[in-house]
Amino acid sequence: MSWQAYVDEHLMWEIEGNRLSAAAIIGQDGSVWAQSDTFPQLKPEEVSGIMSDFDEPGTLAPTGLYLGSTKYMVIQGEPGAVIRGKKGAGGVTIKKTNLALIIGIYAEPMTPGQCNMVVERLGDYLIEQGL
């Protein structure tokens, strides 16, 4: 299965009538492996900030999480494994795998829990596959 198929068929799929507004799989170096058409262009410093927070949880909390120049307030995640952010009625979930970052961005009516389920399920699968 291609990386784009993982985005199209696993991240952008419908759950309880809702779907992510944007999604991507990127390498930990910031290289884009696959993304939805609506995914924002990430800046290198945004990816390095995310990786720093995975290495030292809490580093993004004071400044916020930025994706494509959009700022998200960092909320409870799983140190070293998942970063979650909130912006208004939407937000983002980022799951770290052995080689990549799985990113899902959502807006109402999708709920944070639905976004977490979609992103983390694929991330857990990829970790099991050694990816």
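Reply: Let us begin with the aromatic side chains, where Trp3, Tyr6, Trp33 and Tyr125 form one aromatic cluster. Please keep in mind that this is a predicted model.

Me: How many aromatic pairs are there, by the rule for ring centres?

Reply: The count comes to three aromatic pairs. One of them is Trp3 with Tyr6, whose ring centres lie 5.5 Å apart with the planes at 40°.

Me: What makes Trp3 and Tyr6 a pair, and why is the pair called tilted?

Reply: The centres are 5.5 Å apart, and the limit for a pair is 6.5 Å, so the two rings qualify as a pair. Their planes stand at 40°, whereas stacked would need an angle under 30 degrees and edge-to-face one over 60, and therefore the pair is tilted.

Me: Why is Tyr6 called buried, and why is Trp3 called partly exposed?

Reply: Tyr6 has a relative accessible area of 11%, and buried means under 20%, so Tyr6 is buried. Trp3 has 26%, which falls between the 20% and 50% cut-offs, and therefore Trp3 counts as partly exposed.

Me: What makes Trp3 and Trp33 a tilted pair?

Reply: Their ring centres are 4.7 Å apart and their planes at 50°; the distance is within 6.5 Å and the angle lies between 30 and 60 degrees, so this pair is tilted. Because Trp3 lies in helix H1 and Trp33 in strand E2, the pair ties together parts that are 30 residues apart in sequence. Trp33 is partly exposed, at 28% relative accessibility.

Me: How do you know that strands E4 and E5 are paired, and in which sense do they run?

Reply: Four bridges join E4 and E5, and because pairing asks for at least two, they count as paired, in the antiparallel sense. The two strands form a hairpin with three residues between them, and in the turn Gly80 has a positive phi of about 80°.

Me: What joins E5 to E6?

Reply: Six bridges do, and the strands run antiparallel; Val92 in E6 is the bridge partner of Gly85. Two residues lie between the strands of this hairpin, where Gly88 takes a positive phi near 60°.

Me: How do you know that the span of helix H3 is close to the expected one?

Reply: H3 has 17 residues and reaches 24 Å from its first C-alpha to its last, while 24 Å is expected at 1.5 Å a residue. Its buried residues, among them Val118 and Leu122, pack against several elements, including helix H1 and strand E4.

Note on methods: Residues are numbered from 1 along each chain as its sequence is written. This is a predicted model: local features need pLDDT of at least 70, side-chain atom pairs count only at pLDDT 80 or more; totals for chains, interfaces and linings use all residues. Side-chain values use heavy atoms; hydrogens and water are left out. The expected span of a helix is 1.5 Å times one less than its number of residues. Buried means under 20% relative accessible area, exposed over 50%, partly exposed in between (1.4 Å probe, protein chains only). Contact means heavy atoms within 4.5 Å. Rings of Phe, Tyr and Trp (its six-membered ring) pair if their centres lie within 6.5 Å; planes under 30 degrees apart count as stacked, over 60 as edge-to-face and the rest as tilted.
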